[in-house]
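Take a look at the fold below.

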Amino acid sequence: MMDEIDFPSEEWFEEYGRRVNESEAYSENGAGWGVDFNGDFLYVYEADDRLPETRQFFVGLHDGGVTDTYEVDDPDEADAGFVLRGAYSDWIDLNEGNIGAIDGMMSGVFELEGDMQKVMQYTQAAVDLTEIASEIPTNYKY
């Protein structure tokens with residue numbers, strides 16, 4: 001069995017990218033995402049009573065797969081077509097399946113910068129990404 005990976009961390013996102021790329025469901029449901037538009041995401045974990053400082057991670061998403069993942073020091077340096085931000089505790093709820101990705105965006109728990117219409121066309125892909133994240137053995141170190 002795999003050891004728990006600290007979250008958020010580059011190691012966690014590398015595992016996430018690997019699992020997304022192995023997912024047949026995401027390969028199908030995410031097909032076409034990022035084709036003829038920038039489908040890359042910047043995930044922003046905002047500091048809250050658990051996380052001492054805000055952290056950002058880039059996730060390159062293109063045509064049913066992950067192209068790259070890394071931590072970003074300055075969000076202006078990341079060329080992402082979409083930014084998803086929320087409090088660290090809310091990201092934990094998302095990862096643990098206590099809140100859905102689309103529900104979280106629609107209810108304002110998470111703030112999306114980018115074309116919401118595009119995201120709605122790929123609802124099942126967003127669900128797949130959330131389910132994949134929830135399957136990673138995770139240590140919420142904050």
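## Gln56 and its neighbours

Gln56 touches Leu42, Tyr43, Val44, Tyr70, Glu71, Val72, Asp73 and Pro75, leaving aside residues up to four places away in sequence. The model is predicted. Gln56 belongs to strand β3, which covers residues 55–62.

Is Gln56 buried or exposed? Its relative accessible area is 9%. Buried means under 20%, so Gln56 counts as buried.

## The sheet

How are the strands arranged? An open sheet is built from 5 strands, in the order β4-β3-β2-β5-β6, with mixed pairing. From one strand to the next, the twist averages 20°.

Helix α1 (residues 10–22) lies across β2 (41–46), β3 and β4. Its direction is at about 175° to that of β4.

## The β3–β4 hairpin

β3 and β4 run antiparallel, joined by 7 bridges. Together they form a hairpin, with 2 residues between them. In the turn, Asp63 has a positive phi of about 50°.

Two positions show the pairing. Gly60 stands opposite Asp68 in β4. Phe58 has Tyr70 in β4 as its bridge partner.

## Aromatic pairs

The whole structure holds 23 aromatic pairs. One of them joins Trp33 and Tyr122. Their ring centres are 5.1 Å apart and their planes meet at 80°, so this pair is edge-to-face. Trp33 is in the loop between α2 (24–29) and β2, while Tyr122 is in the loop between α5 (116–121) and α6 (123–134).

Phe58 sits in strand β3 and Tyr70 in strand β4, 12 residues apart. Phe58 is buried, with 6% relative accessible area. Tyr70 has 31% relative accessibility and counts as partly exposed.

## A charge over a ring

Lys118 places its charged end over the ring of Phe37. The distance to the ring centre is 4.6 Å.

## Helix α3

Which residues of helix α3 (residues 88–95) are buried? They are Tyr88, Trp91, Ile92, Leu94 and Asn95. Looking down the axis of α3, these buried residues fall within an arc of 160°, so they line one face of the helix. After α3 comes Gly97, with a positive phi near 80°.

Conventions. Residues are numbered from 1 along each chain as its sequence is written. This is a predicted model: local features need pLDDT of at least 70, side-chain atom pairs count only at pLDDT 80 or more; totals for chains, interfaces and linings use all residues. Side-chain values use heavy atoms; hydrogens and water are left out. Helices (H or I, at least four residues) and strands (E, at least two) are DSSP runs, numbered from the N terminus. Buried means under 20% relative accessible area, exposed over 50%, partly exposed in between (1.4 Å probe, protein chains only). Contact means heavy atoms within 4.5 Å. Two strands pair if DSSP finds at least two bridges between them. Axes are lines fitted to C-alpha atoms, for helices over the stretch in contact, and angles run from 0 to 180 degrees between N-to-C directions. The arc is that of the directions from the helix axis to the C-beta atoms. Rings of Phe, Tyr and Trp (its six-membered ring) pair if their centres lie within 6.5 Å; planes under 30 degrees apart count as stacked, over 60 as edge-to-face and the rest as tilted. A charge sits over a ring if NZ of Lys or CZ of Arg is within 6 Å of the ring centre and within 35 degrees of the ring normal.
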